Amino acid sequence: MDKSNDVSNRDSISLSICIATYNREEFIAETLDCVLNQIQVGVEVVVVDGASSDNTSSVMGEYVSRHPQVRYFQEEINSGVDADFDKAVGYAKGNYCWLMSDDDLLHDGAIERVLLSLNSQCDLVVVDAEVRNFDMSHLLEKSRLNMDGDKTYIKGDENAFFVDVANHLSFIGCVIIKRAVWMERVRKLYYGTLFIHVGVIFQSPALSKIHVISDPLVIIRFGNAMWTSRAFDIWIRKWPQLIWGFTNYPRQAKELVCSTGMKSVIKSVFQYRAKGVYSLVEFRGYFADSKDNLLKIILYGIAILPVRFVNMISVIYVLKNESSKFSIYDLSLSPNASRLSRWLSRDLSR
């Protein structure tokens, strides 16, 4: 169902902020308020609702009635986040589309900064982001990219861009892409990956010009992802399959982005055990048929270790090697978090 406003013709819109949402009545209003506080002439907001069963449609109805820049499309069935973002870009009238998540916020001046960067006629603009806790009250990570300054990649730089930025692109809210580029590239192949934008960006041929803004313009609300319960499957199976499926990038580049070596697999699985999302169920589903007997024995051993013990060891490792608020907060979210991770998480919030 289209409950959109008729803002103007496509030629007059520079930027469409495209949001795919599902059952986010508690958060979508705060996100829209943040965006609308910065809205400018030539900017619209396109929201595709994947058949929410909560009060999202009523919340959106109020925004559509008050804000002519907001266009709302309510789907009759849930087609998945990839299809909904694809639909949002299809509905968009802007020359560029900012693929915005439905519970994150923008720093002051973010839209103006992006609009200025569009003057360089890039195929893609990527913005940095900071990470905050669930209620946005405490900073967990100041920057996901940690670049010294803005950077532009042109043809011939695609391997460098892939290595530098691919992991950051797992967060969709950092992507501003030229609509014509999106529409002319393969998209349905990436439905179900949960990372359609990554598939669009890294498929062949390489994009001609990419600009990366090193200042964090987006504030990520950590611990609120719709896919938290599926995190193990996403990061152990879906993400590696996607990254390693790009045949136009060399093995060494893919290994830097998503290592498949034994040490990396063991470390990742240990971390997921610490978070309480890896057990004998996951071992049997993912690793029981492995031909590497040593790896299989190690992963079985991790699956039967006490979660709180693994959680505590992981916290100690973080304190010794990373001192990361983000990592400690992540470990504290486990239902079986150790007293150490919960205490440190509370301490970080003071």
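Two residues are in contact when heavy atoms of theirs lie within 4.5 Å. Keep in mind throughout that this is a predicted model.

**Exercise 1. Find what glutamate 30 touches, not counting residues up to four places away in sequence.**

Step 1: Locate the residue. Glutamate 30 sits in helix 1, which covers residues 28-36.

Step 2: Check its surroundings. The relative accessibility of glutamate 30 is 38%, so this residue is partly exposed.

Step 3: List the partners. With the sequence neighbours set aside, glutamate 30 touches Leu105 and Arg221.

Step 4: Look at one partner again. Glutamate 30 and leucine 105 are 75 residues apart along the chain, yet their C-alpha atoms are separated by 7.7 Å.

**Exercise 2. Describe how helix 1 packs with helix 2, and how helix 13 packs with helix 14.**

Step 1: Two packed helices are described by the angle between their axes and the distance between the axes.

Step 2: Take helix 1 and helix 2 (residues 56-66). Their axes come within 10 Å and cross at roughly 20 degrees. Angles under 35 degrees count as roughly parallel, so helix 1 and helix 2 are roughly parallel to each other. The crossing of helix 1 and helix 2 is right-handed.

Step 3: Name the residues in that contact. Helix 1 brings Ile28, Ala29, Leu32, Asp33 and Leu36, while helix 2 brings Val59, Met60 and Tyr63. Sorted by class, the contact of helix 1 with helix 2 has seven nonpolar residues, no polar ones and one charged.

Step 4: Turn to helix 13 (residues 307-321) and helix 14 (residues 325-332). Here the axes also come within 10 Å, and they cross at roughly 175 degrees. Because angles over 145 degrees count as roughly antiparallel, helix 13 is roughly antiparallel to helix 14.

Step 5: On helix 13 the contact involves Asn311, Ser314, Val315, Val318 and Leu319, and on helix 14 it involves Ser327, Ile328 and Leu331. These residues of helix 13 and helix 14 divide into five nonpolar, three polar and no charged.

**Exercise 3. Work out how the aromatic pairs of phenylalanine 73 with tyrosine 91 and of phenylalanine 232 with tyrosine 278 are arranged.**

Step 1: Get the overall count. There are 23 aromatic pairs when ring centres within 6.5 Å are taken as pairing.

Step 2: Examine phenylalanine 73 and tyrosine 91. Their rings are 3.8 Å centre to centre with 10 degrees between the planes, and the pair is stacked. Phenylalanine 73 belongs to strand 3 (residues 70-74) and tyrosine 91 to helix 3 (residues 81-91), so the pair ties together parts 18 residues apart in sequence.

Step 3: Phenylalanine 73 is buried at 4% relative accessibility, whereas tyrosine 91 is partly exposed at 29%.

Step 4: Examine phenylalanine 232 and tyrosine 278. With ring centres 5.3 Å apart and planes at 25 degrees, this pair is stacked. Phenylalanine 232 is in helix 8 (residues 231-244) and tyrosine 278 is in the loop between helix 10 and helix 11, 46 residues apart. Phenylalanine 232 counts as buried at 4% relative accessibility, and tyrosine 278 counts as buried at 1%.

Step 5: Tyr153, Phe161, Phe162, Tyr190, Phe202, Phe246 and Tyr249 are linked into a cluster by ring pairs.

**Exercise 4. Is valine 126 buried or exposed, and which residues is it in contact with?**

Step 1: Valine 126 is part of strand 6 (residues 124-132).

Step 2: Judge its accessibility. Valine 126 has 0% relative accessibility and counts as buried.

Step 3: Collect contacts. Leaving aside neighbours within four places in sequence, the partners of valine 126 include Phe161, Cys174 and His211.

Step 4: Follow one partner. Histidine 211 is in strand 10 (residues 209-221) and is buried, with a relative accessible area of 14%.

**Exercise 5. Which residues does the cis peptide bond join, and what is its omega?**

Step 1: Identify the bond. Serine 204 and proline 205 are joined by a cis peptide bond, with omega about 5 degrees.

Step 2: Proline 205 is in the loop between helix 7 (196-202) and strand 10.

Conventions. Residues are numbered from 1 along each chain as its sequence is written. This is a predicted model: local features need pLDDT of at least 70, side-chain atom pairs count only at pLDDT 80 or more; totals for chains, interfaces and linings use all residues. Side-chain values use heavy atoms; hydrogens and water are left out. Axes are lines fitted to C-alpha atoms, for helices over the stretch in contact, and angles run from 0 to 180 degrees between N-to-C directions. Helices (H or I, at least four residues) and strands (E, at least two) are DSSP runs, numbered from the N terminus. Angles under 35 degrees count as roughly parallel, over 145 as roughly antiparallel, 65 to 115 as roughly perpendicular and the rest as oblique. Ala, Val, Leu, Ile, Met, Phe, Trp, Tyr, Cys and Pro count as nonpolar, Asp, Glu, Lys and Arg as charged, and the others, Gly among them, as polar. A crossing is left-handed if the near helix is turned anticlockwise from the far one by less than a right angle, and right-handed if clockwise. Rings of Phe, Tyr and Trp (its six-membered ring) pair if their centres lie within 6.5 Å; planes under 30 degrees apart count as stacked, over 60 as edge-to-face and the rest as tilted. Buried means under 20% relative accessible area, exposed over 50%, partly exposed in between (1.4 Å probe, protein chains only).
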